Amino acid sequence: MINHHQQTKRTNNNQRGLYWFRHDLRLHDNAAISALCEAVQQVTFLYILDDKAFTPTTYGFAPLGKHRHTFLLQTLVDLKRQLAKLGHGLLIVKGDPAECLVQLMKSGQYSHLGLSEHCGFDERAQLNAVRRFFDSVTVIETPTFGLFDAQTLPFNIEEMPDVFSPFRRKVEKHCKPLSVHPPMESLPSPFTPQLDESFLFAIDTDLPSPSQSSFVGGETAALTHLNTYLFDWKAAATYKDTRNALDTWQDSTKLSAWLANGSLSAREVIRQVQQFEATVEKNDSTYWIYFELLWREFFHWLQCKYGANWFRFSGIQGKKPSTQHCPETFALWCEGKTGYPIVDACMRQLAETGYMSNRGRQLVASCLVHELRQDWRYGAAWFEHQLIDYDVGSNWGNWLYLAGVGSDPRGHRQFNLQKQTEIYDSDGQFRKKWL
């Protein structure tokens with residue numbers, strides 16, 4: 001264990017750090033917090049609710065829908081509680097991230113800004129905006145998102161494969177997941193800047209107990225669910241066989257929502273899966289959890305390579321699909337009124353719960369792009385609005401893939417909806433439940 005407070009007392013004088021939480025809303029396996037705390041004597045912890053998340057985009061709706069918003073607030077309540085155990089608070093503000101940081105940096109006279117590195121286009125743009133204002137502030141940016149960092153990958157990001165299979169082969173041959181960062185026992189002294197009350201955002205302190213059949217936000221619920229899935233249900237032993245189920249809680253890991261906002265570490269998942277393999281069972285299913293995390297990793301780095309093209313109609317391939325946007329057709333798809341029963345059931349499940357299985361996502365995306373001939377970006381934006389587990393890399397990467405303008409080497413991935421229905425809802429129970 002590292003006693004950061006004792007270490008900083010020996011090495012630093014009058015250094016004050018601001019830690020900006022983004023997609024790393026946890027204390028376990030968080031090397032970014034440790035990196036900042038080793039450099040300062042005082043620290044403030046911050047989360048910014050971005051105004052843009054609540055503002056309708058050109059697609060017609062706000063990026064942050066009700067399901068993910070509720071999950072995020074639950075996560076922040078839990079994070080506040082975890083920090084309180086270490087004698088710290090969590091400052092929550094709402095506004096433009098760059099403007100909020102400028103105001104905070106001035107009010108607190110911070111010497112350091114700490115945060116987790118993220119490959120998202122908007123995330124990088126926000127940090128660059130802050131750097132322009134504060135070129136004298138030391139920025140400590142530490143990778144915590146995935147299984148690897150840019151230094152451990154076997155290629156430069158600019159030269160990484162655009163297709164998953166060669167990416168996976170190279171990574172599996174040359175890389176091992178980075179070790180989990182040791183837990184923190186103590187932190188530097190807390191510092192609370194003097195701010196106008198109107199600048200602060202208050203959140204409800206009520207938090208549901210971690211559930212065995214639904215998503216509850218926060219690190220506590222994440223680690224509880226991971227342990228339950230692996231060591232109580234032992235469901236990892238059959239994951240590969242059951243993962244395509246449309247509506248059963250135990251049949252897939254359900255880790256994606258906690259991974260998406262960083263209340264669960266991907267490296268911690270692998271560490272515990274390896275423990276499961278050593279003590280319970282090791283087979284194709286346990287490997288397949290790692291395989292799926294490699295997909296997440298692939299899209300994370302690929303968006304770094306392509307920047308703004310991640311959101312372009314012609315995608316990363318630069319070729320325009322022969323589709324268009326019809327508001328009426330798109331609205332029927334969103335409402336689950338396309339006339340394709342399996343698609344409509346999935347879309348209504350999404351609207352009510354904020355969740356859809358991976359198989360369901362492929363079917364509804366294929367329908368929007370191929371059967372309905374609609375602009376894929378609207379589908380990706382609707383998922384961003386609705387999904388409780390929205391992640392910019394995985395969401396847009398998968399839509400690019402299905403639209404034929406991303407990393408799919410075949411270029412035209414259309415599903416036979418009738419055949420898929422017969423395979424994955426042969427008894428009709430899923431359609432009966434949601435239609």
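Asp 29 lies in the loop that runs between strand S2 (16-21) and helix H2 (31-37), in a model that is predicted. Although Asp 29 is not a glycine, its phi is positive, at about 45°, and with a relative accessible area of 3% this residue is buried.

- The buried residues of H7 are Glu 219, Ala 221, Ala 222, His 225, Leu 226, Thr 228, Tyr 229, Leu 230 and Phe 231.
- What covers these buried residues of H7 includes helix H3 (66-84), helix H8 (239-242) and helix H9 (256-260), together with H10 and H11.
- An α-helix has 3.6 residues a turn, so residues three or four places apart point the same way.
- Lys 234, which follows H7, lies in the loop between H7 and H8, and its phi is positive, about 55°, although Lys 234 is not a glycine.

- The crossing of H10 and H11 is left-handed.
- On the H10 side the contact is made by Ala 266, Val 269, Ile 270, Val 273, Phe 276 and Glu 277, and on the H11 side by Thr 286, Tyr 287, Ile 289, Tyr 290, Leu 293 and Arg 296.

**Ser 394 in helix H16**

- Ser 394 lies in helix H16 (residues 392-403), and at 19% relative accessibility this serine counts as buried, because the cut-off for buried is under 20%.
- When residues up to four places away in sequence are not counted, Ser 394 touches Arg 296 and Phe 299; Arg 296 is also among the residues with which H11 makes its contact with H10.

- Gly 379 lies in helix H15 (residues 376-386), where it counts as buried at 0% relative accessibility.
- Leaving aside its neighbours within four places in sequence, Gly 379 is in contact with Phe 330, Trp 333, Leu 368 and Trp 399.
- Gly 379 and Val 364 are separated by 15 residues in sequence, and their C-alpha atoms are 9.0 Å apart in space.
- The axes of helix H13 (residues 341-353) and H15 come within 9 Å and cross at roughly 40°, and H13 and H15 are therefore oblique to each other.
- At this crossing, Met 347, Leu 350 and Ala 351 in H13 meet Trp 382, Phe 383 and Gln 386 in H15, and the residues of the contact divide into five nonpolar, one polar and no charged.

Technical notes
Residues are numbered from 1 along each chain as its sequence is written. This is a predicted model: local features need pLDDT of at least 70, side-chain atom pairs count only at pLDDT 80 or more; totals for chains, interfaces and linings use all residues. Side-chain values use heavy atoms; hydrogens and water are left out. A crossing is left-handed if the near helix is turned anticlockwise from the far one by less than a right angle, and right-handed if clockwise. Helices (H or I, at least four residues) and strands (E, at least two) are DSSP runs, numbered from the N terminus. Contact means heavy atoms within 4.5 Å. Buried means under 20% relative accessible area, exposed over 50%, partly exposed in between (1.4 Å probe, protein chains only). Axes are lines fitted to C-alpha atoms, for helices over the stretch in contact, and angles run from 0 to 180 degrees between N-to-C directions. Angles under 35 degrees count as roughly parallel, over 145 as roughly antiparallel, 65 to 115 as roughly perpendicular and the rest as oblique. Ala, Val, Leu, Ile, Met, Phe, Trp, Tyr, Cys and Pro count as nonpolar, Asp, Glu, Lys and Arg as charged, and the others, Gly among them, as polar.
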